[in-house]
Each structure stands twice: as C-alpha cells, then as structure tokens.
Amino acid sequence: MRHLPPCFRVLVFPTRILVSTRQNSSVGALCVVESIVEASLQLQENFHNFPKDLSSQSSSTLSGPSKLCSADSREMIEKDVVMLGEEESEFIARKGKLRRYSSTLHICALERFLNEGKAVHGQLIKSGIDPDSYSWNSLANFYAKCGSHRCARQVLHEMPKRDVVTWTALIAGLIDDGYNRDGGLLFSDMRNDGVRPNGALLNGYARIGEGEEVLTMFSKSRLTESSTNVCGCILNIYSSSGLSDDTLKVFVRVKDSNIFTRSEMIYCLNQQGQGREASDLFGLMRHKGIKPNQFTLTSLVSAATNLGDRDYGESIHACICKSGFESDKFINNALVVMYMKLGSVQEGWLLFDTIIDRDLASWNALLSGYDNDETCDQGPRIFKQMLVEGFKPDMYTFCSILRHSICLSNVKFGKQVHAHSVKSGLSGDSSIGTALINMYSNNRCLEDVGIIFHRFHKKDLLTWTVIIASYVQNDESDKAVKCFSQMQHEGLKPNEFTLSSCLSGCSNLANLDTGRQFHSLAVKLGMSKDTYAASALVDMYVKCRSIEDAEALFKDMVERKIVSWNTIVCGYAQIGKGEKALEAFQLMLDEGFVPDEITFIGLLSACSNMGLVEEGKNHFNSLETVYGITPTIEHHACMVNILCRAGRFHEVGNFIEETKLAQNAMIWETVLWGSKIHGNMEFGQKAAERLFELEPEMHYNYIMLSDIFAAKGRWDDVAKVRALMLSQGLKKEPGCSWVKINGQAHMFFAQDGSDPKINEICLRLGKLTR
C-alpha cells in the first residue's frame, strides 16, 4: 500500500505517528514525521484557543446548519463511508473513487458534519490512492467550512500544488467565522505564493463589507488592469464600502468596459444616491451601442424610483419592452414598486396583473405604495388576498402593512398584524419591531410601545431613535430625554436624527438649558452644521423664545435647504411674530427657493395671527395656481382659522360647503375654537354637534361647548353638556404644570401630592406668591 502525505495522517490521528515514504513518490519525500500541527501554524487572533485534539471536536457542538441537517443526509454519508471502505479498488477506477470521496466531503462541508467528514478522510488514507488536486481542494474546503481552520491550514501546507480555489476556500472560511485579520494575512501569503485572486474571492470580501480593509492589498496586485470581471468585483467592493469616488476611479481605469462593469457601475451609483449620474452613464452606454441586460434595467428602474421621476421611469419601461424583457419577473417587480411609490396606482395594478409567476416579492411590490390617505385602505385587502393565495409574509411584508395601519389609524388591525408576525416567528426582527413601535406610537399606545422596546435583545441606534421620537410625538418629552441618557450610557452615539428628536422634545418642554446641552453635544460630535440638526436647533431656540440665538444660528448655516426655511417661517408664526414670518418667506423667494406644503402652513398661520384675511386668501389660492400644490386638510384648516379669527363666520360656512369638508373633524374643531373666541354660540353649537358625531370620544369638544354656554350664562345648557359627557364615560383631563429643580422637571396636576419633592415645591411657590 502506498502512503499518503503526513497531513492526511496527522489530521485524522492526532497522536504521534511514523510515516515512511519512497524518495521518488509523488505523494511526498518525507522519511519520518511527527504531529507538526503547532509548529506549522502562524495564525493570529484567537487561533490559540482552537483544540489541539481534533477528536475532541464533536459535530454536536457546531452551530448553524449542523443543527438543522436532516437524518437522511447523515444516513447517506454513513453509507458512503462504509461503501468507500468496502469496495475493492479493482472494481472502481481511481478517478471515479476520488470523485466519490470529494463529493462526500462536499456534502459534509455543506452540512458541517465534522466527524463524518473525518471518517471519509480516514477511508481515503486507508485506500492508499494518491489524491489529485480536486481531492486536496475538497479536503481543505471541508475543514474550512466546518470551522476547523487549524486542520485546513495544515492541508494547505502539505499540498503539492496550491491553486486559487484552495486559497479562496481557506480565506472565505476565516472571514465567515469572523477572523478578518487572519483572512487578510492569508491573502498576503497567497500573493507571496504567486497566486492571483479571482472574482469569487473579491466578491466574498465585498459581501461582508470588509472591502476598505483589504483594498490596499488588492490595488498592489494591479488587478484593476487585468480583467473586466475582476474589476467588476473591485467595483463591488468599493460600492459596499460606501466609497463612490473610488468606484468611479476604478471604472475609469477599465480599458474595455463591457455590459457587466457598466451595469455594476450603474448599480453602485444608484446605491450611493446618484441616480442622475447612473442615468447619464446609461445614456453613454447606449450611445456606444452596448445593449443593457436585466441587471442594468432593474438598477435604472430603481434609480427612477429614488429620483421620483415618473417620466424617466416610463421611458425606461419603454426601453425594457424594446429590449424584450417585458416578461422578466424581477424587472416587473421593480416596475410595480416604481409605479406604486410614484403614485401611479392604476399602472402598478395593471402591471402586477400581467405577472404570470408571481412570488412574494411581487406582492411586497404591490404593497409598497398604498400609504396615502386615498389608497391606504387597499393595503389590508391586498394582505388578505396574499394570505389566501398561500404566500407567507416576510419582514418587508409586515413593515409595509404596518405602515398602512398607521395611515388608517386602525390600531385594531395593527394588533392583528402584530399577532400574525408572532405566529410567523418574525416578531423578534428588529425592522418589524421598529415598525410596531411606530404603529403603536402613532395610535398613542405608549404602554405597548414600552413593552415592545424592552423586549429587544439588542437595541441599535435606529431603535433608540424611534422610541425617542415616539415619546416626543406623544408629548412625553421628559421620557424622551431620559431614553437619550440611557442610550448614551449603553455606549451608542446619536446621529442627526436622534438629536433632532431630542431637540424637538426640548422645544415641547420649553427647556432651554437642556436644549443648550444638546447644542453643545451636536458641536462636539460635528453635527451642528448638518441641515436637519441645525434646523432642529433653530426650532428649539425659537420655541424657547430665544429669538436672537435662533436667528444667529440660522444666519450661520453653511447650506440652507427648504427644511431650514420652513423651520424659521413656522417658528415665527407659532410664537406670534407673523410679520417676521412673512419677511422670512419673501427672503426665501428672493434666494430662489420654491415653497412646499409646510411653508404654506407657516405662512397661513402668520396671516391668521396678524388678521391678514385677503393676503391669506391670496397665498391659499397661489398654492395650486402658482406652485401646483394640492391643498391638504391642514391648509384648509388654516384658511378656516383665518376667517374665524376675523369673525367672518358666514364666509366660513360657504368655504366649508364649497370645499366639501363637512365630514372632517379638524375643520369643525377650528370652527369651535373660533366660535369660543368670538362668543358665537350658534356656530359653536353647530360645530360641537358635528364633532359629537365624528369623534364622540374627544372630551375637549364637550368642554369647549360648555365654556361657550357658560360665557353666555346658559347654565342649564352647561349642565346638559356635562351630563352628556358623563354618559359617554368621559372625564376632563386635568391640566399639568412642571417646576424645574436641579435640572430635573417635576410634573404635577391639580391637588396632586405624588411628587417626592412636593413639600419643597409648595414652599417655594408660597414664597413667590407673597
């Protein structure tokens, strides 16, 4: 019997052994060898923790697929081990038997059957057959995939000829198990061995997002000039690392770019938010006569969606039909998403109906656009039909349908979706959890919000930002600030959105001192120049009545965007400085900015505060005639408020009839409030009666009508309204006040003695009132 290289024996039999080989043997030129595992390895990091005795590594300790493998796979491998040992060599050709060994090792690698693979290894030793390169690679790949990196490295050390496949298998195994630095060192060894990496290896680094760490080594090997396929992989690495400028530099160096490198570049540009540049590159590609493929067209559809350019999207759709890809399911799914998100619901439906072999992605695409007031009621119907047709929702499905429940303000349906996610085993997903927090928060179910948040095993920055924003939106700003402190205590650094939410909380509390602390933190973290963070700071200073600070911060902004102008215009309007709001609006127009829906809410509020009825009407009419903006319910409410403040109730009635807004509660709330100001009992009673029908659970509508009657001395009517309120099971919520002591806000209600420092508060209030 011929003897195999020492590696094969050392790996299966870890005790000391003697192996003799012939000097001219093709399998090695060694006379005596001992177990040299420790001496041959130079790995870093945690490799010293690997067990030296391979027999101690039981497959039962492995995680991942080994726990999920079927009994059939294991039984098949055991039969192969027996058959490989029993069959006679004369009946099986050498190559055929080696292929069978390799195939069995491949199965063991996929299922992570370490012990069974070692048994196959042992049978290969007993067979005495000289292993070929394919067998060597199979063995190295098996040990690498099973996490036995020490053994995989020993196989590499003993191989007579190493190729890129072997190196790739070992490097991939190290990276998959988190040994990124060792993977990089092994890559250096591969280069020293004269082996050049292939596309599979580069794609592996791109997949795990470790491109930036190894790009220097790749560039030294001059891969960017070797082949377009390898350059495509490097483009993928730069894109995954968020290095869009470097991606373009690599692309420019490609001498003969083909459809693959151009498609990769278009994809990279779109992923980096440069959809217009991706469109330009596509135009250049067509000019050179290069025909697009499915990947190119899918990226361009996504770019049109991100740009919000329906005309460009339709032109890409026409190009898809012209190129013969109109039946491609993946392209059609992307087109459905585009039409739905751009508001072309009917076109999206028609395209969805043409998809013959629909998958879950098709249904998710259809759900992606039903999130506005007019169409959100279609979301639950689509979700139900999807379940009827046997599709199981995934993370994207649940996030979309929860967004629809927010639009519908239907917490009951949201809870049903929540229950379904629990049954599906997906409730622990962080994205679904965040969507649930958002849904419950928008329905003011803060208790449920807290329960879901505390169930998160690992809270990331997005989760903390959502919970902070939830508390701010529900007037629990004090809790939002506490959450921020807890987040910092856990070592997470806020981003501009987290700071913006916290600053909004300070605005609600009119807490200037805490707001200044957040301002200092923004400067320290280098976020004070960020447009959104700076706008939130301006809003905080305005609402805290620190106008000079707000104006100074606004003037110092490096780059003003529409959100910045909206902040200053609306801020002035909210604190009653309507004249300054109008001046800021005019200055915005002079600098070339086009107002949006939010701008006009602030502008109309300013006109209302100043009693500028005619100017308010002109601005309201210009919404659609000048700027092409369809007035929302908020704009109509502002216009009603302008008329009510001026006491023009006859015009209010005509306006409501003309705009057909009689079924909207916000309009009648505005009328009721205006009626109270002017003591208009007739209009106030009419508005209250409509509100009792539209939102009977809102206690403040009863209170406001009661106050109107009380102001006129109609005490019998006051008693009737109070009785009606009690019959509905409603109680007036007491107003609250807060006092700040040593930097902490203490909230208390009328006749409330629950605060631990109530005695000190009362004592201080007593001194102030003397």
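Guide: What follows goes through individual salt bridges and then turns to one pair of packed helices.

This is a predicted model, in which local features need pLDDT of at least 70 and side-chain atom pairs count only at pLDDT 80 or more, while totals for chains, interfaces and linings use all residues. Residues are numbered from 1 along each chain as its sequence is written, and side-chain values use heavy atoms, with hydrogens and water left out.

The structure holds 18 salt bridges, a salt bridge being a side-chain nitrogen of Lys or Arg within 4 Å of a carboxyl oxygen of Asp or Glu. One of them joins the side chains of Asp-309 and Arg-276, at 3.6 Å from N to O. Asp-309 lies in the loop between α16 (294-307) and α17 (310-323), and Arg-276 in helix α15 (residues 275-287), so this pair ties together parts that are 33 residues apart in sequence. Helices here are DSSP runs (H or I, at least four residues), numbered from the N terminus. Asp-309 is partly exposed at 21% relative accessibility, and Arg-276 is partly exposed at 39%. On this scale, buried means under 20% relative accessible area, exposed over 50%, and partly exposed in between (1.4 Å probe, protein chains only).

Glu-651 and Lys-617 form another salt bridge, with their closest N and O atoms 3.0 Å apart. Here both partners are helical: Glu-651 is in helix α37 (residues 649-659) and Lys-617 in helix α35 (residues 613-625), so the pair links parts 34 residues apart in sequence. Glu-651 has a relative accessible area of 27% and is partly exposed; Lys-617, at 24%, is also partly exposed.

In the salt bridge between Asp-717 and Arg-714, the closest N and O atoms are 2.6 Å apart. Asp-717 is buried, with a relative accessible area of 16%, whereas Arg-714 is partly exposed at 33%. Elsewhere, salt bridges with shared partners join Glu-614, Lys-617, Arg-648 and Glu-651 into one network.

The helix pair is α27 (residues 477-489) and α28 (residues 496-509), which pack at an angle of about 145° with their axes 8 Å apart. Axes are lines fitted to C-alpha atoms over the stretch in contact, and angles run from 0 to 180 degrees between N-to-C directions. From α27, Ser-477, Asp-478, Phe-484 and Met-487 meet residues of α28 that include Thr-498, Leu-499 and Cys-502, contact meaning heavy atoms within 4.5 Å.

Conventions:
Helix = DSSP H or I, 4+ residues; strand = E, 2+ residues; numbered from the N terminus.
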